Each structure stands twice: as C-alpha cells, then as structure tokens.
Amino acid sequence: MSTSSPASGAASPEAEGGGGRKYKGVRRRKWGKWVSEIRLPNSRERIWLGSYDAPEKAARAFDAAFVCLRGPGAAGADLNFPDSPPPPC
C-alpha cells in the first residue's frame, strides 16, 4: 500500500487542525496555541508577535506587523487578509 506525503515533510493545514488554510507567519504549537512571528526586512532576525487562540488572530497580528515594518505601500502585497488590510501605524 502506497501513501503520498508532502515533499517538504511539513504537516498539511488539515493535519495541523488549521481547517484548510495556512496563514503566512503563523504556526501551531503541539499543545494547540497558534503563534505568530515575522522577519525583519533584509535581516535573519525575527520578531515574536505572540500566542493566540485562533489562527486568524495570529494572522491579523502578522499583517499589522508587516504593514508597520514595510510601510503602508506594502499593504496588500503579501498579507493574509489583503481585502481588509490593517491601518498604517
């Protein structure tokens, strides 16, 4: 019997309990919390954005940090929710 698995070895959003959509900058801890972090532009350094009860909340935190770090002109580029970008900081 043969089963297919992702080539990268990463768990699919369904296997993670994500309900089908994987958000950028968001991952799930073993104990069920969702966490968010973002990389600084032109750097390998990351900024911890926090732990959240829902993946959508973590994704919103990522979007807000993305706009603050890259400016209002970047809104909509790689956001998780491009239809409702956060206000510029």
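Helices (H or I, at least four residues) and strands (E, at least two) are DSSP runs, numbered from the N terminus. With that settled, I looked up the parts list: the protein chain has two helices and three strands. Along the sequence I read the pattern α-β-β-β-α.

**Ground rules**

I am working from a predicted model, in which local features need pLDDT of at least 70 and side-chain atom pairs count only at pLDDT 80 or more, while totals for chains, interfaces and linings use all residues. Residues are numbered from 1 along each chain as its sequence is written, and side-chain values use heavy atoms, with hydrogens and water left out.

**Whole chain**

I checked burial, where buried means under 20% relative accessible area, exposed over 50% and partly exposed in between (1.4 Å probe, protein chains only). Buried residues come to 30% of the 89 residues in the protein chain. Next I looked at contacts, meaning heavy atoms within 4.5 Å. Of the contacts with a separation of 6 or more, 26% are between residues 24 or more positions apart.

**The sheet**

I went to the strands, where two strands pair if DSSP finds at least two bridges between them. Three strands make an open sheet in the order β1-β2-β3, with antiparallel pairing. β1 and β3 are the edge strands, each pairing on one side only. From one strand to the next, the twist averages 25°. For angles, axes are lines fitted to C-alpha atoms, for helices over the stretch in contact, and angles run from 0 to 180 degrees between N-to-C directions.

I then took the pairs in turn. β1 and β2 run antiparallel and are joined by three bridges. V26 has S36 in β2 as its bridge partner, and R28 stands opposite W34 in β2. The hairpin of β1 and β2 has five residues between the strands, and G32 there takes a positive phi near 105°.

β2 and β3 also pair in the antiparallel sense, over six bridges. I found R39 opposite R46 in β3. This hairpin has six residues between its strands, and N42 in the turn has a positive phi of about 55°.

How much of β2 is buried? Five of its six residues are, so β2 is largely enclosed by the rest of the structure.

**Helix α2**

I looked up α2 next: residues 55-70, 16 residues in all, reaching 22 Å from the first C-alpha to the last. That is close to the 22 Å expected at 1.5 Å a residue, the expected span being 1.5 Å times one less than the number of residues. Just after α2, G71 takes a positive phi of about 90°.

The buried residues of α2 include P55, A58, F62, F66 and V67. What covers the buried residues of α2? I noted β1 (26-28), β2 (34-39) and β3 (46-52) among the covering parts.

**Cores**

I searched for nonpolar cores, each a set of buried Ala, Val, Leu, Ile, Met, Phe, Trp, Tyr and Cys residues joined through side-chain atoms within 4.5 Å. The largest has eight residues: Y23, V26, W34, Y52, A58, A59, A61 and F81. α2 gives the most to this core, with three residues. A second, separate core has six residues, including I38, F62, V67 and L79.

Not counting residues up to four places away in sequence, A58 touches V26, W34, V35, S36 and Y52.

**G50**

Is G50 buried or exposed? G50 counts as buried, because its relative accessibility is 11%. I placed G50 in strand β3. Leaving aside neighbours within four places in sequence, G50 is in contact with W34, V35 and S36. G50 and F62 are 12 residues apart along the chain, and their C-alpha atoms are separated by 9.7 Å.

**Aromatic pairs**

Last, I checked rings of Phe, Tyr and Trp (its six-membered ring), which pair if their centres lie within 6.5 Å; planes under 30 degrees apart count as stacked, over 60 as edge-to-face and the rest as tilted. I count two aromatic pairs by this rule. In one of them, the rings of Y23 and F81 have centres 5.5 Å apart and planes at 40°, so the pair is tilted. Y23 lies in the loop between α1 (13-16) and β1, and F81 in the segment after α2, so the pair ties together parts that are 58 residues apart in sequence. Both Y23 and F81 are buried.
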